[in-house]
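Here is a chain to read with its sequence and model side by side. The questions go from the whole fold to single contacts.

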Amino acid sequence: MQQLSPAGRQMIDDIAKRSGFSTAAVLSMLQSVINGNGRMAQFNHPEFGGSGQWMSGGMTMVSDMFNDSLKAGIGKLCAELAQLVAAQPDLLATGSFQSQSQGGQQQRSHAGGQDKAPAPPGATSGASLFVAPAAGSAADWWGAGLPRPNSTGAQNGVRYAYFAQARRLAIDLNGKVTVYDTLDHQISGFSQQQSHGGSLSFNSQHGLVDVARLPVVSGDGVAQAAPTPAPTPAPTPAPAPAPASAPAAGPDIFAMIEKLAELRSRNILTEAEFDAKKAELLARL
């Protein structure tokens, strides 16, 4: 999330005291409301009973579905944060939710009509929730082709920028910028191991997720090439059939006929048997 201004920090602290939730929980919900364009929030925080969803108009769902007190507290918190977000010009990345000051009140407009909402208690008229970027720092370190980020920040020398509508997350580690596809994650906060360049994780409706598990879109502005498929091995030719055994050589046939003739002369074979065997052997030639 972007760095809170002193007035923004005071507003969040006041909301936390009124709501009974911690400042960290309120900040997490604030990011969820921003990601939902001020009309909805998908959240996941222990103080909210885990994962849940809020939509403007009164619908609140929590994991502990019978905890009416928790649902009422979350609904009231989200409604107040939505009013706070509506009072921040150009805070939301899309043009579907805009706000402007009119006579001390904030007028919200979105598809389907308009309604007027008073500024949240304790909010200072015209006060900026976040610290504006320093002059000359508008250079988009995450590269061209991405819209205005929903949130940016830095931890232990690692910078990040989250683009909810584009489903992208840019990480700058030691001057190397990597852009990830956030898939269906609705990111509500980041955390990092306590070391320089430690692994970065984020909270979404799916819980705590390691950034390294996201698909890489590009590195230092160069699109990530799709993995080259392994070449299909050529089919192994079938072994050639073994040659048929050669017929018996002619001399062997004649030698057998001679033996048969000898058997005939010794009256071991009859004339008819000799002729039949002889014809069989000659047929093999």
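**Reading the fold**

L282 is found in helix α5 (residues 271-282). This is a predicted model: local features need pLDDT of at least 70, side-chain atom pairs count only at pLDDT 80 or more, and totals for chains, interfaces and linings use all residues. Residues are numbered from 1 along each chain as its sequence is written, and side-chain values use heavy atoms, with hydrogens and water left out.

Q: How many helices and strands are in the chain?
A: Helices (H or I, at least four residues) and strands (E, at least two) are DSSP runs, numbered from the N terminus. By that count the chain has 5 helices and 15 strands.

Q: What percentage of the residues of the chain count as buried?
A: Buried means under 20% relative accessible area, exposed over 50%, and partly exposed in between (1.4 Å probe, protein chains only). Of the 285 residues, the buried share is 36%.

Q: Which helices do the buried residues of α1 pack against?
A: In α1, the residues G8, M11, I12, D14, I15 and A16 are buried. Contact means heavy atoms within 4.5 Å. The buried residues of α1 pack against α2 and α3.

Q: How far apart are the end C-alpha atoms of α1?
A: The expected span of a helix is 1.5 Å times one less than its number of residues. For the 14 residues of α1, that should be 20 Å. The model agrees, since the end C-alpha atoms of α1 are apart by 20 Å.

Q: Is T178 buried or exposed?
A: T178 lies in strand β10 (residues 176-181). Leaving aside neighbours within four places in sequence, T178 is in contact with L169, A170, I171, V216, S218 and G219. Its relative accessible area is 13%, so T178 counts as buried.

Q: Which residue forms a salt bridge with D172?
A: A salt bridge is a side-chain nitrogen of Lys or Arg within 4 Å of a carboxyl oxygen of Asp or Glu. D172 sits in strand β9 (residues 168-173), and its partner is 13 residues apart in strand β8 (residues 158-163). D172 is buried at 9% relative accessibility. The closest N and O atoms are 2.6 Å apart, and the partner is R159.

Q: What is the N to O distance between R168 and D181?
A: R168 is in strand β9 and D181 is in strand β10. R168 is partly exposed at 22%, whereas D181 is buried at 14%. Their side chains meet in a salt bridge, N to O, at 3.6 Å.

Q: Which residues make the nonpolar surface patch of about 290 Å²?
A: Patches are made of residues with over 30% relative accessible area and no salt bridge: like charges are joined within 9 Å, nonpolar side chains (Val, Leu, Ile, Met, Phe, Trp, Tyr) within 5 Å. Areas come from the Shrake-Rupley method with a 1.4 Å probe; for residues, only the protein chains shown count as cover. L282 is partly exposed at 37% relative accessibility. The patch is made by F254, L282 and L285.
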